[in-house]
Amino acid sequence: MAVKTIPIVPLCEMTIGQEADLFALLSAREELTTRDGKPYFKVSFRDDRREVSFPVWNDSPWAADCKQNWQAGDFYKLRAVYRETNYGPQLDLKRIRPILDTDAADGFDPLMFQPRSRYEPARMFEQLIETATAKIGDAALRNVVLELLAAYRETLLTLPAATRNHHAFVGGWLEHVRSVAQNASYFAEKYAEYYPDLNPPLNKDLVVAGAILHDIGKVRELEQSSQGTEYTEAGNLIGHIVQGRDLVRETPAAKQLDPETLLRLEHIILSHQRLPEWGSPKPPMTPEALLVHYADDLDAKFNMVFSILRDHTGEAFMTTKKNILMQPLYRGKA
């Protein structure tokens with residue numbers, strides 16, 4: 001008799017009535033009681049795009065295992081049937097066990113449960129290298145950028161740009177910084193041509209280098225866990241701006257930089273958020289720092305606008321003001 005083959009399907013892709021094997025994160029486990037005083041557990045399993053919550057009743061075959069062994073924040077392999085009920089989507093469990101090392105061969109990856117960039121991280125990294133190589137003519141400055149990118153490549157391939165607010169997903173750092181570098185390069189070309197008599201001349205190399213490195217300190221500020229992105233101890237106590245300046249100073253290639261160039265590059269990093277309440281000890285005080293600040297701010301703000309409009313539900317032509325920008329946005333008629 002043929003053995004029934006059960007496919008491995010992402011939770012977010014399961015259809016009503018489908019039985020499948022899946023990898024999931026146990027995102028919550030609460031011990032509750034019914035109105036009649038009967039104990040039960042409410043559990044939630046999720047991947048990067050769907051979360052399913054359902055009860056594990058006291059007489060369930062999974063009740064003892066749930067009480068004694070299941071831990072929120074751990075990964076599991078499930079066999080289950082996906083159901084839609086009056087209480088929302090639920091899983092009818094057939095099997096469940098913790099993740100094993102061998103599950104990697106079937107596609108398990110801890111990062112698969114977190115939102116991710118629409119773009120391929122490895123390609124975005126290549127494009128950042130291409131931008132630095134093509135747009136930074138100063139060899140010493142270019143080497144600082146390339147050395148830092150190479151040193152932290154593996155971290156940058158998955159690093160979010162933030163824990164929330166903008167580009168808060170796997171690959172978000174690369175998506176944001178690539179865009180900021182493109183914006184800044186455009187602004188540098190435009191204003192260098194527009195103000196040829198600026199004294200000293202606008203340093204386009206510094207603009208691009210500062211744009212690429214403005215958030216490099218986030219490799220020390222942020223770390224990823226099964227629950228998402230969190231601040232490190234140094235992230236909480238120091239932040240990414242000062243640590244970004246420190247990373248530049250620690251890079252061997254920085255010793256070859258002209259002192260004035262190094263000073264101006266450090267100023268771009270330290271001032272890119274402009275305001276003390278946003279973390280910058282100094283406002284932008286050079287043309288290069290000003291361009292990087294607005295290139296960065298524009299890209300972050302536009303991502304916020306995108307997210308607010310994407311998540312807006314209902315027929316109202318205005319969004320609520322309960323969002324990161326603390327203002328309503330006009331969507332127009334649906």
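User: What does the side chain of Glu-221 reach at 3.2 Å?

Analyst: The side chain of Glu-221 reaches the backbone nitrogen of His-240 at that distance, 3.2 Å, which is a polar contact (N or O atoms within 3.5 Å, one able to donate a hydrogen and the other to accept it, with sequence-adjacent residues counting only if both atoms are side-chain atoms). This is a predicted model, in which local features need pLDDT of at least 70 and side-chain atom pairs count only at pLDDT 80 or more, while totals for chains, interfaces and linings use all residues. Residues are numbered from 1 along each chain as its sequence is written, and side-chain values use heavy atoms, with hydrogens and water left out.

User: Is Glu-221 buried or exposed?

Analyst: Glu-221 is buried, because its relative accessible area is 7%, where buried means under 20%, exposed over 50% and partly exposed in between (1.4 Å probe, protein chains only).

User: Where does Glu-221 lie, and what does it touch?

Analyst: Glu-221 lies in helix α7, helices being DSSP runs of H or I with at least four residues and strands runs of E with at least two, numbered from the N terminus. Leaving out residues up to four places away in sequence, Glu-221 touches Glu-230, Tyr-231, Thr-232, Gly-235, Gly-239, His-240 and Gln-243, with contact meaning heavy atoms within 4.5 Å.

User: Switching to Arg-46, which backbone oxygen lies 2.4 Å from a polar atom of its side chain?

Analyst: That is the backbone oxygen of Phe-113. Arg-46 belongs to strand β2, residues 39–46, and counts as buried because its relative accessibility is 15%. The C-alpha atoms of Arg-46 and Pro-201, 155 residues apart along the chain, are separated by 53 Å.

User: And Thr-229, what's around that one?

Analyst: Not counting residues up to four places away in sequence, Thr-229 touches Gln-114, Pro-160, Thr-163, Leu-222, Glu-223 and Gln-224. Thr-229 sits in strand β7, residues 228–231, and is buried because its relative accessible area is 18%.

User: OK, the core next: which residues touch the most other members of the largest nonpolar core?

Analyst: Trp-173, Ile-212 and Leu-213 do, out of 46 residues in that core, a core being a set of buried Ala, Val, Leu, Ile, Met, Phe, Trp, Tyr and Cys residues joined through side-chain atoms within 4.5 Å. Several helices supply at least two residues each to this core, including α2 (121–135), α3 (139–151), α5 (172–194) and α11 (287–311), and α5 gives the most, with eight residues.

User: What is Leu-213 in contact with?

Analyst: Leaving aside neighbours within four places in sequence, Leu-213 is in contact with Val-144, Val-145, Leu-148, Val-248, Leu-265 and Ile-269. Apart from this core lies another, of 22 residues, among them Phe-41, Phe-45, Val-52 and Ala-80.

User: Which residues lie nearest the centre of the largest pocket?

Analyst: Asn-165, His-166, Gln-273, Trp-278 and Met-304 do, among 32 lining residues. Here a pocket is an open set of points on a 1 Å grid over the protein atoms alone where a 1.4 Å probe fits, with protein on both sides within 12 Å along at least five of seven lines, and lining residues have an atom within 4 Å of a point.

User: Which helix gives the most to that lining?

Analyst: α11 does, with six residues, and α11 also gives the most to the lining of the second largest pocket, with nine residues. In that second pocket, lined by 25 residues, the closest to the centre are Phe-169, Asn-303, Phe-306, Ser-307 and Arg-310.
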